Amino acid sequence: MTLNDALRMAMQLHRQGEFDQAEDIYRQILSQRPEAADPLHLLGIIEQQRGRNLEAVDLFHRAIRVNPKSAEYFYNLGNSLLRIGGRDEETTAAFERA
């Protein structure tokens, strides 16, 4: 199975709500390609969905360092920052970049 096949499988599991299985596959991909932006971003979404917004913010920042042109990454970063609260300037900046 290629990394792209694994990513597609993880995304399908993620959409089905199988967060633990999807997370395992995303992490396996990252063990081979630590700077793969999409798995970093998608792990961030899982953390966001679990209510772990501090962890999500870290993952979104890592994904943005790899791909700073993704509006979706900045949008999801802004949403997690908004949920954390108290980081108004950073939240506004993320949404503006999106």
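**Overall architecture and the setting of Asn53**

The chain contains six helices and zero strands, where helices are DSSP runs of H or I with at least four residues, strands are runs of E with at least two, and both are numbered from the N terminus. Along the sequence the order of elements is α-α-α-α-α-α. The model is predicted, so that local features require pLDDT of at least 70 and side-chain atom pairs pLDDT 80 or more, while totals for chains, interfaces and linings use all residues. Residues are numbered from 1 along each chain as its sequence is written, and side-chain values use heavy atoms, without hydrogens and water.

The radius of gyration of the chain is 13 Å, in agreement with the value near 13 Å for a compact globule of 98 residues; the radius is taken over C-alpha atoms, and the globule rule is 2.2 Å times the number of residues to the power 0.38. Along the principal axes, the C-alpha atoms fill a box of roughly 45 × 25 × 20 Å. Of the 98 residues, 42% are buried (under 20% relative accessible area, with a 1.4 Å probe and protein chains only). Among contacts (heavy atoms within 4.5 Å) with a separation of 6 or more, 39% join residues 24 or more positions apart.

Asn53 lies in helix α4, which spans residues 53-66. With a relative accessible area of 11%, Asn53 is buried. Leaving aside residues up to four places away in sequence, Asn53 touches Glu47, Gln48, Ser80, Arg83 and Ile84.

How values were computed:
Buried < 20%, exposed > 50% of the residue type's maximum accessible area, 1.4 Å probe, protein only.
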